[in-house]
Amino acid sequence: MTDISADLLALITTLKMAAVTTVILLIIGTPMAWYLAKWQSRFKVFFEAVVALPLVLPPTVLGFYLLLAFSPTSLPGQLWQSATGSQLAFSFSAIVIGSVLYSLPFVVQPLQKAFEQLGDHHLEAAAMLGAGPIDRFFSVVLPLTKASFITATALGFAHTVGEFGVVLMIGGNIPGETRVLSIALFDHVEAFNYANAHLLSAGLLIASLILLSLVYLLGNNFNKKQQGTVKL
Amino acid sequence: MPKLIQKLRQKLLPLCIIWLALQASHACALDKPKQTKPLRIAVAANFAPALKILLANLPNKDAINVQMISAATGTLYLQIKHGAPFDLFLSADSMRPELLEQEKLIIADSRKTYAYGQIALWSATRALSGLSELNHYSGKLAIANPDTAPYGKAAQQALTKLSLWPQVQNNLITGMNINQTFQQVRSQAVPFGIVAYSQLAMNKYQGIIIPPEYYQPISQQLVIIKSSQQVKLAQQISDFILQEDNQEKLVQLGYLPIKSIPLIEKNNQVNTQYD
């Protein structure tokens, strides 16, 4: 396989990993953020700290313990193997699970802040008008916190694309399965392919910059629109 | 509620399209390698470029789908221990292959030395005249971590042998592995460093080779992983790397071939007699 097609494969793997991770994070992160925002207990700080843990934990440390957990000789690894029939460590699923844990605070924290600032009166009004919980979420909460959802999605996606330490440990750098861009880049540097490394980092940098700018542009537009409707 | 469904559809549709596109492109990209089951070679980062050059001449390379996975020896060892789907492992040392053998994770008798590493003194800022340049040097010196990297251990042994260790000990910049040390010297962040000679040879840099009798041989060993389902193929590649003409090629790539080592050991003995 030529270097270019190998890099392309790594790019596709990266995008796939980041997309799957972001979707999963939005699905599990939203209720988590909601409960953390609404929950009033002194144990709340503990759970907030747990969510924030990946921010301070070195990725290689997280990766090392995940590797131990995903190993075919450990309980979680065995459970996975008996449930799905394939090994968890060094698979695409493994790097997605690792990324979900690693990028969790980047999705939960902005959402939690948004839910906290959202007053109860909108929801109460909607409930009075007969809207059920799911309807209330999609037609009241979601439109009001759209900007935060965009931020959470962008941060979760971007952080996963840039991930290195966790994937290096539990992924095993397997082409088409767990070799992502950051690792392909590292490989090029290690193999003295500086030209390829420069090309790849420049591409990654420009693509990330465009993606993030677009997302923030989108977020700003939503904010303006929202302010407009409030004024009317 | 219909409004909600419509809204959802609006939002989900682009996502679905992206998802399908990704799946399709992924399937296309994977189409080729899937024809044959890949043979996965886990190789220590410092040997990866050399292995790539050697494998380019593999007689039946079009029939075999070789995947090279390079990382630090320690990382690869850890991954193999936890079930990584590798067939062949080319380590940068002999310690990890020995450990894997003790842990019964390799095919019996597959552990073989495939090359000996050499170390060299190097500066990216100017040409060096000889090892004596270190005698009155009081600046920073880059070496790989002697506790974890075999090339770092060799550097420490050579510096001790040259009676320079006490003098440089407090001015060392230790890299995580020999590649990091190479980068530190190459970027001119550190004026002097002891790097792998293979790194200099492959990048066409000039350095001073430290004579092999100043340090214990850095034997790099390979093993075939027990869980491999393609032992025969792995064995074939192992034989290929050890075969005479490829061992000759290693010399140009900065390594010492396996047959050279009885010579070094003899020299070492001569040296100890002198001491």
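Biologist: What ipTM does the predictor give the complex?

Modeller: This is a predicted model, and its scores come from the predictor. The pTM of the complex is given as 0.76. The ipTM is 0.71.

Biologist: In which element of chain B is confidence lowest?

Modeller: Chain B has a mean pLDDT of 85, with 82% of its residues at 70 or more. Confidence in chain B is highest in strand β3 (residues 88-90) of chain B, at 97. Over residues 270-275 of chain B, by contrast, the pLDDT is below 50, and beyond near neighbours in sequence this stretch has one contact in the model. Confidence is lowest, at a mean of 53, in helix α11 (residues 261-274) of chain B.

Biologist: What percentage of the contacts in chain B join residues at least 24 apart?

Modeller: Chain B contains 11 helices and 10 strands, and 40% of its 275 residues count as buried. Counting contacts between residues at least 6 apart in sequence, the share that joins residues at least 24 apart is 78%.

Biologist: Which element gives the largest share of the side of chain B that touches chain A?

Modeller: In this interface, 27 residues of chain B are in contact with 25 residues of chain A. Elements giving two or more residues to that side of chain B include α2 (48-55), β2 (66-71), α3 (73-81) and α8 (197-203) of chain B. By class, that side has 17 nonpolar, 10 polar and no charged residues. The largest share, eight residues, comes from α1(B).

Biologist: Is the crossing of α2(A) and α5(A) left-handed or right-handed?

Modeller: The axes of helix α2 (residues 44-56) of chain A and helix α5 (residues 92-117) of chain A come within 8 Å and cross at roughly 115 degrees. Residues such as A:Val51 and A:Leu55 in α2(A) meet a set in α5(A) that includes A:Leu101 and A:Val108. The crossing is left-handed.

Biologist: How are α1(A) and α8(A) oriented to each other?

Modeller: Helix α1 (residues 3-38) of chain A and helix α8 (residues 146-161) of chain A pack with their axes 9 Å apart, at an angle of about 140 degrees. Among the residues that meet are A:Met17 and A:Leu25 in α1(A) and A:Gly156 and A:Phe157 in α8(A). By class, the contact has six nonpolar, six polar and no charged residues. An angle over 145 degrees would count as roughly antiparallel, and α1(A) and α8(A) are therefore oblique.

Biologist: Is A:Phe90 buried or exposed?

Modeller: A:Phe90 lies in the loop between α4 (75-84) and α5 of chain A, and has a positive phi of about 65 degrees although it is not a glycine. The cut-off for burial is 20 or more other C-beta atoms within 10 Å. Because A:Phe90 has 26 C-beta neighbours inside 10 Å, it counts as buried.

Biologist: Is B:Ser163 buried or exposed?

Modeller: B:Ser163 is placed in the loop between α5 (150-161) and α6 (165-168) of chain B. Its phi is positive, about 60 degrees, although it is not a glycine. B:Ser163 has 9, so it is exposed.

How values were computed
Residues are numbered from 1 along each chain as its sequence is written. Chains are lettered from A and ligands numbered from 1 in the order in which they are written. This is a predicted model: local features need pLDDT of at least 70, side-chain atom pairs count only at pLDDT 80 or more; totals for chains, interfaces and linings use all residues. pLDDT is the predictor's confidence in each residue, from 0 to 100. Helices (H or I, at least four residues) and strands (E, at least two) are DSSP runs, numbered from the N terminus. Two residues are in contact if their C-beta atoms, placed from the backbone, lie within 7 Å. A residue is buried if 20 or more other C-beta atoms lie within 10 Å of its own, exposed if 12 or fewer, and partly exposed in between; C-beta atoms are placed from the backbone. Ala, Val, Leu, Ile, Met, Phe, Trp, Tyr, Cys and Pro count as nonpolar, Asp, Glu, Lys and Arg as charged, and the others, Gly among them, as polar. Axes are lines fitted to C-alpha atoms, for helices over the stretch in contact, and angles run from 0 to 180 degrees between N-to-C directions. A crossing is left-handed if the near helix is turned anticlockwise from the far one by less than a right angle, and right-handed if clockwise. Angles under 35 degrees count as roughly parallel, over 145 as roughly antiparallel, 65 to 115 as roughly perpendicular and the rest as oblique.
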